Amino acid sequence: MRIAAMPMLLPPGTATPSLAGMAPTSATIARPHDHAHHHGAALAEAAQAALEARGEQWTALRASVFDVLRRLERPASAYDVTEQLSTVQGRRVAANSVYRILDLFVASNLAQRIESANAYIANPHPGCRHDCMFLVCDRCGQATHVDDDAVTGRVREAAQRAGFLPERPVIEVHGQCAECSAATPV
Ligand SMILES: [Zn+2]
Ligand SMILES: [Zn+2]
Ligand SMILES: [Zn+2]
């Protein structure tokens with residue numbers, strides 16, 4: 001005589017099993033916060049606050065480099081940032097100084113380096129860190145900044161499943177921006 005396997009039923013009122021062991025890791029999910037993109041003078045203030053919170057000084061030269069970055073319409077090379085800064089200052093600014101400041105800004109979340117374009121742009125949210133993604137237009141050079149922690153969290157999880165310790169996902173999508181694709185009939 002066979003005994004049919006019975007589905008396990010919990011009697012009414014029984015507590016559901018604990019989900020504690022299935023909780024997502026805090027490393028992959030950003031804490032809820034007021035995510036704001038700053039512009040203009042408010043962006044410079046937010047950048048200064050973020051830099052000073054790291055114990056770094058907001059020097060006149062650093063402020064000027066940031067001003068150039070935040071006025072850019074599209075990411076610019078370190079060389080172009082140096083050229084623009086020299087024009088604004090009316091004197092030659094040493095490229096090495098600018099490069100060091102750009103490195104500091106990237107490390108401090110004040111600026112981002114678009115790796116595939118070898119270019120820099122101000123970070124509109126210097127106060128909070130995300131794995132920012134960029135949509136890079138191959139026609140006009142615009143880089144659209146996209147934050148989606150769900151997407152980048154999946155990338156980090158995939159890396160961790162492969163036994164890899166992900167430090168910085170770089171997600172840059174090349175193509176055509178809305179303006180350029182609208183201007184070019186298919
Ligand atoms: Zn944020
Ligand atoms: Zn971002
Ligand atoms: Zn474009």
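Three strands of the predicted model form an open sheet of mixed pairing, in the order E4-E3-E5; strands (E, at least two residues) and helices (H or I, at least four) are DSSP runs numbered from the N terminus, and two strands pair if DSSP finds at least two bridges between them. The edge strands, each pairing on one side only, are E4 (143–146) and E5 (171–175). From one strand to the next the twist averages 20 degrees, where axes are lines fitted to C-alpha atoms, for helices over the stretch in contact, and angles run from 0 to 180 degrees between N-to-C directions. This is a predicted model, in which local features need pLDDT of at least 70, side-chain atom pairs count only at pLDDT 80 or more, and totals for chains, interfaces and linings use all residues. Residues are numbered from 1 along each chain as its sequence is written, while chains are lettered from A and ligands numbered from 1 in the order in which they are written.

Within this sheet, E3 and E5 run parallel and are joined by five bridges. Met133 stands opposite Ile171 in E5, and Val136 has His174 of E5 as its bridge partner. E3 and E4, by contrast, run antiparallel and are joined by four bridges, with Phe134 opposite His145 in E4. The two strands form a hairpin with five residues between them, and Gly141 in the turn has a positive phi of about 85 degrees. In a regular strand the side chains alternate between the two faces of the sheet. A residue is buried if 20 or more other C-beta atoms lie within 10 Å of its own, exposed if 12 or fewer, and partly exposed in between, with C-beta atoms placed from the backbone.

Arg113 stands opposite Tyr120 in E2. From E2, Ala119 and Ile121 point one way and Tyr120 and Ala122 the other, and all are buried. Four residues lie between the strands of this hairpin, in which Asn118 takes a positive phi near 55 degrees. Asn118 belongs to the loop between E1 and E2 and is classed as exposed because 11 other C-beta atoms lie within 10 Å. Another positive phi in a residue other than glycine, near 75 degrees, occurs at Asn109, in the loop between H4 and E1. Asn109 counts as partly exposed because it has 19 C-beta neighbours inside 10 Å.

Ser116 is also found in the loop between E1 and E2. With 13 other C-beta atoms within 10 Å, Ser116 is partly exposed. Ser116 touches Val136, Glu172 and His174, not counting residues up to four places away in sequence; two residues are in contact if their C-beta atoms, placed from the backbone, lie within 7 Å. The C-alpha atoms of Ser116 and Val170 are separated by 9.4 Å, although these residues are 54 apart along the chain.

The largest nonpolar core has 29 residues, and those with the most contacts inside it are Ala47, Val65, Leu69, Val81, Ala111, Tyr120 and Ile121. Such a core is a set of buried Ala, Val, Leu, Ile, Met, Phe, Trp, Tyr and Cys residues joined through C-beta atoms within 7 Å. At least two core residues are supplied by each of H1 (40–53), H2 (60–71), H3 (78–89), H4 (95–107), E1 (111–114), E2 (119–122) and E3 (133–137). H1 gives the most, with six residues. Domain 1 (37–127) and domain 2 (130–186) each contribute at least three residues to this core, the bounds coming from an automatic or database domain assignment. Beyond four places in sequence, Ala111 touches Leu69, Leu102, Phe105, Val106, Tyr120, Ile121, Ala122 and Asn123.

Overall, the protein has six helices and five strands, which follow the pattern α-α-α-α-β-β-β-β-α-β-α along the sequence. Buried residues make up 21% of its 186 residues. Of the contacts between residues at least 6 apart in sequence, 55% join residues at least 24 apart. The mean pLDDT, the predictor's confidence in each residue from 0 to 100, is 87, and 83% of residues reach 70 or more. Over residues 1–29, pLDDT stays under 50, and the model has six contacts beyond four places in sequence for this segment. Where pLDDT is low, the predicted coordinates should not be read in detail.
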